[in-house]
Amino acid sequence: MTIRAAPETVSPMSASPVCPRCGEPLVVRHGSAAHAWCHLHGAVTPLHHTALVAHDAIAAVTADARVPAWVPDPMPSGWAVTGLAWGGEPGARAIVVDCAGPAPLGGAAELVLVAEEPGTGVGCGYAGLPGLDPGDVISGPSSVGVEAAGQHAPLWAVPTREDRAAFVGEAYGVWLWLVMWPMNAAWLLVEPLRLLDLRERIYPDLPLGPVGEHLLPGR
Ligand SMILES: [Zn+2]
């Protein structure tokens, strides 16, 4: 038996993949881009991210994505897209769009929008929940709602850490998560927030900013 060293296969637009649930670096087996190993969570779908968010990177990731890439449309005043992460290549089964800007009550805020197929664990990673899916959180009346690609999407508040607010619902048959820092950034949802799927349209003046602090889960 010959053991060969695996060549580096890191895509130029993607930094090292991390665990979708905790953000820790992964051991990726060569020849198996679909699965990787987290020392805490075992076999996971690696979460990739861009070190620099750019329109062509967004277009490349969303071109064959199986889930939406949600972004507020219009962006709240002073806000920008500050990061992009995705799980599953080719054909992303989870997409994370990170945005940042002024908080409604003053200071800075960050908003992470996640679309993911069930069983991926990405949204729970940002919300600080232990499982892969929100479970029985979705019951009773919803707390807020957004308009996702023209469809009303009710969202349920998720119990999370004190430094953030998290909401989950469903759109296009997959989970839709909104996780925001600090907790009072949830005031963003007082005004009905409209979301655009970047697979439909990337508007050329979509504002971009430096990578946000919470682009990766577990932080
Ligand atoms: Zn992990």
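1. Over which residues does pLDDT stay under 50? That stretch is residues 1-12, and the model gives these residues three contacts beyond four places in sequence. Please bear in mind that this is a predicted model. Where pLDDT is low, the predicted coordinates should not be read in detail, and I would ask you to keep that in view for the start of the chain.

2. On confidence elsewhere: the mean pLDDT of the protein is 88, with 91% of its residues at 70 or more. Among the elements, strand E12 has the highest mean pLDDT, 98. The lowest, 76, belongs to strand E1, residues 27-28.

3. Now to the ten-stranded sheet. This sheet is open, its pairing is mixed, and its strand order reads E4-E6-E7-E8-E12-E11-E10-E9-E13-E5. The edges are taken by strand E4 (47-49) and strand E5 (70-72); each has a single partner strand, so one side of each is left without a neighbour in the sheet. On average, neighbouring strands here are turned by 30° against each other, direction ignored.

4. Strand E13 (residues 193-197) is worth a look from both sides. With E5, strand E13 pairs in the antiparallel sense over three bridges, and Trp70 stands opposite Asp197 in that pairing. With E9, strand E13 pairs in the parallel sense, also over three bridges; here Ala148 stands opposite Leu195. Four of the five residues of E13 are buried, which leaves the strand mostly covered.

5. Strand E9 (residues 144-148) has its other pairing with strand E10 (residues 151-158), where the two run antiparallel and five bridges join them. In the loop between E9 and E10 you will find Ala149, which has a positive phi of about 50° although it is not a glycine. Is Ala149 buried or partly exposed? Ala149 has 16 C-beta neighbours inside 10 Å, so it counts as partly exposed; burial would take 20 or more.

6. Tyr172 lies in the loop between strand E11 (165-171) and E12. With 17 other C-beta atoms within 10 Å, Tyr172 is partly exposed.

7. One joins Asp73 and Pro74, with omega about 5°; Pro74 is placed in the loop between E5 and E6. The other runs from Trp181 to Pro182, with omega near -15°. Pro182 belongs to the loop between strand E12 (174-181) and E13.

8. Helix H1 (residues 55-63) has a clear division of faces. Which of its residues are buried? They are Ile58, Val61 and Thr62. Viewed down the axis of H1, the buried residues fall within an arc of 90°, so they line one face of the helix. An α-helix has 3.6 residues a turn, so residues three or four places apart point the same way. The face turned away from the buried side carries the exposed residues Asp56, Ala59 and Ala63. Strand E6 (80-87) and strand E7 (94-102) are included in what covers the buried residues of H1.

9. Strand E7 also holds Ala100. Ala100 is buried, with 26 other C-beta atoms within 10 Å. Setting aside neighbours within four places in sequence, its contacts are Trp79, Ala80, Thr82, Ala108, Ala109, Glu110, Gly209 and Gly212. How many residues apart along the chain are Ala100 and Gly212? They are 112 residues apart, while their C-alpha atoms are separated by 6.9 Å.

10. Finally, the three-stranded sheet. Its strands form an open sheet in the order E1-E2-E3, and the pairing is antiparallel. E1 and strand E3 (42-44) are the edge strands, each pairing on one side only. Two bridges join E1 to strand E2 (residues 36-38), and Val27 has Trp37 in E2 as its bridge partner. A friendly caution on this pairing: E1 is the element with the lowest mean pLDDT, 76.

Note on methods. Residues numbered from 1 in each chain as written. Predicted model: local features only at pLDDT ≥ 70, side-chain atom pairs only at ≥ 80, totals over all residues. Pairing = 2+ DSSP bridges. Axes fitted to C-alpha atoms, helices over the stretch in contact; angles between N-to-C directions. Buried ≥ 20, exposed ≤ 12 C-beta atoms within 10 Å, placed from the backbone. Arc of directions from axis to C-beta. Contact = placed C-beta atoms within 7 Å. pLDDT = per-residue confidence, 0-100.
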